[in-house]
Amino acid sequence: MHSLEPLFNPKSVAIVGASHHEGKIGNIVVRNIIASGYKGKVYLINPKGGEILGLPVYKSIDDIPEVDLSIIVVPAKIAVELAEKVAMKSKYIIVITSGFSEVGNIDGERKLVENAKKHGARILGPNVFGIFSAKAPINATFGPAEIKKGNIGVVSQSGALGIAMIGKAAEDNLGLSSIVSIGNKADLSEVEILSYLFQDKLTKVIFMYMEGLENGREFMEIVKKKPEEKKIIALKAGRSKAGARAVASHTGSLAGSDEIFDAAFRQAGIIRAYSLEDAFNWVATIASSPPPKGKNVVIITNGGGLGVVAADACEKYGLKLYDDIEMLKKTFEDVMPEFGSYKNPIDLTGQAGAREYELALKRAFEDENIHAILALYCERGDAELEALMNTLIKVHKEYKDKKPALYALFGGEGTSRIVAEMKKNRIPAFGEVEDAVSSLHALYKAYEKREEEKIEDVEMDEAGIEKIISNAINEGRNRLLSHEAKEILRLAGLDVPPFRLARNIDEAVKYAKEIGYPVAMKVVSEDILHKTDVGGVVLNIDNEEEAIDAYELIMKNSRMHVPKARIEGVEISKMLPKGTETIIGSTTDASFGKVLMFGLGGIYVEVLKDVSFRIAPVSKKEAERMVREIDSYPILAGIRGEKRKDIKAIIESIYRIGILVDKFEEIAELDINPLIVYEKGAKVVDARILIKVEK
Ligand code: COA
């Protein structure tokens, strides 16, 4: 039995602050619990005693036996005072009361949780609207009394939105398995709630409304355990930018919390919606449709124009229109007028009415080569809409378990009424073609196969890496010198071309010869951040004479621009041939911890910000998705006669960086900029690593 069973399926509940006054929250909760047909024991607590809605009232929580769940609906100050007593009697406590951390009362919230925890009780809230659970059934919210039962679980950080969702669900006749408001998340968070919903037999689709997460890592851990058959749609509000943060790396400056959320959702197989409307449409479609068995979509329409709009939308969302004309002809031959078109979209033409739609839909449902149906209808002035509506509903109900079928009816009042009626019958019907297509896309995404992807450990010289890091920490440095950063990457197994730190002119000449001309020379100093700007970099050094000149020039320039700079020497490295410049980075996100970034270098990262993110570490498959996800991917894949670049080498580099930053907590930020990619191989040219130094 799941540990949250007493919260979702309590055998007994107490309402602390049950109110005698109609309209007060403490009265509505009692009314809703009674109206929901709750079968367990209900204890009402109010010092005034008496009776509320026909139930006896206890003057103190001391007077009742232990319960699974208590609901607190007294003002904040009293809630804190009562928490300990209530906790002694309850396994779970829902604190509906507002006035805690959301208004700065952090102390009150801390005390509330502390008091409850003394006796092992767990808290949902504070600042929540309660819980509805179809399993009990119990409606312990102060929202609408009537909530339809179904297979959708809702987890909402916002209470008001959650209540509005109940209303919207009722309007669209959506059935809920549960609705939980998590409010300030002082104790229980979405992580525990998800773990319950994952094993809850009633729940098929989970809709989450999120504003922020403190425990991103735990969240990722739990969603990784999501059973295949459960689907999650998330709406995340608050698109904050990272720009305001002072960051010293490219990756850090591009990693806004919204980008990281996006990456986390992708990685976890959560479908992200950007509007409430989309979220609702998608949830309703997934909740009421069977899984598609293949990719072939057929569009049936009575208007060519509408068909084209739908076909365009399908292309935009990457849905495949079934295009075997011979087979389509066979399927729809006896339905089509002579002048109709067999090319998908199947155009039944303007004269099509209920009979034609019935036949065409039945054919589409029965043809095993067709895996999903988009049926469109454009309102005609003289049409018999009543007959059409009845037909669509009848045929859909008969075949609905065979394959997904979505409907878009475009027109005036008449079609709006059909859409509403179809929704009442839990049929995915829409007034806009785009909504139907985006919902079908969400359905396909929900059933995308996700193989289990293992992250296997790779060999790296951990002791060597640790030594470099601790050396810097001991010296109180948080910025590794260029050669130290490169050495770490070399020890982590990346391809770093030969490089040496020369501390004087003789060493510079000696090492340049050893490495082999042409070489590059860069100043090494923790006080010089932008080496090129101070004239601290010389490239394409071809011989000893040039090496001496370069060394002297770099020293002179550096001393002139940054007179007090502590200069360690110069780094000599092999000059590399031209290739495609990419960037791999990592930074530390406040919620999700270590994250990874990949993109193409130069303008692609600086101007276009064409990069992808993931939570570290990543599997090789996930690293591959990161690479393919950027818009400039075709440059790597090879376009216009250019040869394909070594994508495997990039994947291997990302994979190793993921493992490196995961293993070494101290690495706060890392940029490999650039990693030059060739037809064979990917080489680290420059690297920057920031480490966390405890002050
Ligand atoms: N034990 C039990 N009941 C007590 C009590 C105690 N120690 N002390 C007082 N009560 C009773 C009151 O007498 C009252 O009952 P009555 O109406 O029969 O007299 C009841 O508890 C409620 O107390 P009251 O002081 O009237 O508070 P309220 O109803 O005005 O407000 C809250 C209480 C919790 C609703 C309010 O503080 C609040 O937080 N509102 C916002 C809730 C919200 O929006 N939550 C987030 C949603 S997303």
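Is Glu546 buried, exposed or partly exposed? Glu546 counts as partly exposed, because its relative accessibility is 33% (buried is under 20%, exposed over 50%, partly exposed in between, with a 1.4 Å probe and protein chains only).

## Ground rules

This is a predicted model, where local features need pLDDT of at least 70, side-chain atom pairs count only at pLDDT 80 or more, and totals for chains, interfaces and linings use all residues. Residues are numbered from 1 along each chain as its sequence is written, and side-chain values use heavy atoms, leaving out hydrogens and water.

## The whole chain

You're looking at 24 helices and 30 strands (DSSP runs: H or I of at least four residues for helices, E of at least two for strands, numbered from the N terminus). Of the 695 residues, 57% count as buried. The C-alpha trace spans about 95 × 80 × 40 Å along its principal axes.

## Salt bridges

A search of the whole structure turns up 47 salt bridges (a side-chain nitrogen of Lys or Arg within 4 Å of a carboxyl oxygen of Asp or Glu). Take Asp68 and Lys91, whose side chains meet at 2.9 Å, N to O. Asp68 sits in strand β5 and Lys91 in strand β6, so this pair ties together parts that are 23 residues apart in sequence. Asp68 is buried at 10% relative accessible area, while Lys91 is partly exposed at 45%.

Then there's Arg477 with Glu484, again a salt bridge, with the closest N and O atoms 2.9 Å apart. Arg477 is buried at 6% relative accessibility, and Glu484 is buried at 8%.
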